[in-house]
Amino acid sequence: MSSLAEKVAIVTGAARGIGRAIAEAFVAEGAKVALWDVLADEVAEAAGELGDSALGQVVDITETGQVKDAVALVLEKFGAIHILVNNAGITRDNLLMRMKDDDWDRVLDVNLKGMFICCREVSRPMGKNRWGRIINISSVVGLIGNPGQVNYAASKAGVVGLTKTLAKELSSRGITANVIAPGFIETQMTAELPPEMKDAYFKRIPLGRLGRPEEIADLAVFLASSKADYITGEVIAVDGGILLNTI
Ligand SMILES: NC(=O)c1ccc[n+]([C@@H]2O[C@H](COP(=O)([O-])OP(=O)(O)OC[C@H]3O[C@@H](n4cnc5c(N)ncnc54)[C@H](O)[C@@H]3O)[C@@H](O)[C@H]2O)c1
């Protein structure tokens, strides 16, 4: 039997990249999936390719009203919510001395506050099942820092604290909460990095290559499945070993 049969999942930032790969992998494992994103055409196309098991929704996760409405529609269409993957994220890089307040605020708003809003709005319907999975996407940058990403690193470190707290708060409702910390994965986000930053990353990856979105999706499927019943509050890196090279 498929590992996610009869499960309903929400994946944020699912129009492309890692989120899309996770949505595809979940559908392949038998789940019904709501794909949320701000990119209307792209999210419609991504959901369309997945057929009746998917629902594409235009949702800005920083807007509480939009998240509430989207949750209501998922419940109306699929009847429950078992899995939430908080994947939507942005970068607005600059060195500390040049970073504008707006760039700090927007990155924290999307990467951390948006995640908090989604967790809060989904926790009640998820709690009704007495079973749930929250999977939050952080980054190795949140664990070790990175020059030029003070806002992003702070937001991704915040994801770890948020998730560990949820693991404690929601355990009595049968909900686990874990973090995936990707390394350097081939997506639009990394395509936009300056070449010198890419070169510096690449040299530090022991496995000698970038990761693929599907390799993050494989772990997300495992964490969402019953094989991960006894895992909560963990931070698992999928990074080709880059964390080994911090000194
Ligand atoms: N690519 C990497 O190397 C890498 C490494 C570590 C962590 N991550 C994290 O993985 C996640 C996915 O990254 P990706 O590389 O696939 O990036 P991506 O830019 O390809 O995809 C991110 C998606 O999030 C959506 N999004 C942005 N703001 C949103 C909002 N307010 N509401 C809803 N959706 C919104 C975007 O439209 C986009 O479709 C992010 O949280 C990112 O920080 C990526």
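Biologist: Why is Glu-24 called partly exposed?

Modeller: Its relative accessible area is 34%, and the class between buried (under 20%) and exposed (over 50%) is partly exposed, with a 1.4 Å probe and protein chains only. Glu-24 therefore counts as partly exposed. This is a predicted model, in which local features need pLDDT of at least 70, side-chain atom pairs count only at pLDDT 80 or more, and totals for chains, interfaces and linings use all residues. Residues are numbered from 1 along each chain as its sequence is written, and side-chain values use heavy atoms, with hydrogens and water left out.

Biologist: What makes Arg-20 buried?

Modeller: Arg-20 has a relative accessible area of 17%, and buried means under 20%, so Arg-20 is buried.

Biologist: How do you know that Arg-20 forms a salt bridge with Glu-24?

Modeller: The closest N and O atoms are 3.3 Å apart. A salt bridge is a side-chain nitrogen of Lys or Arg within 4 Å of a carboxyl oxygen of Asp or Glu, so the pair qualifies. Both residues lie in helix H1 (residues 17-28), four residues apart, about one turn of the helix. Helices (H or I, at least four residues) and strands (E, at least two) are DSSP runs, numbered from the N terminus.

Biologist: What makes Arg-92 and Asp-103 a salt bridge?

Modeller: Their closest N and O atoms are 3.3 Å apart. The pair links distant parts of the chain, eleven residues apart: Arg-92 is in the loop between strand S4 (83-86) and helix H4 (101-128), and Asp-103 is in helix H4. Arg-92 is partly exposed at 35% relative accessibility, whereas Asp-103 is buried at 18%.

Biologist: Which residues do salt bridges that share partners join into one network?

Modeller: Arg-20, Glu-24, Glu-45 and Glu-49. The structure holds ten salt bridges.

Biologist: What is the make-up of the lining of the largest pocket by class?

Modeller: The lining has 19 nonpolar, 14 polar and six charged residues. Ala, Val, Leu, Ile, Met, Phe, Trp, Tyr, Cys and Pro count as nonpolar, Asp, Glu, Lys and Arg as charged, and the others, Gly among them, as polar.
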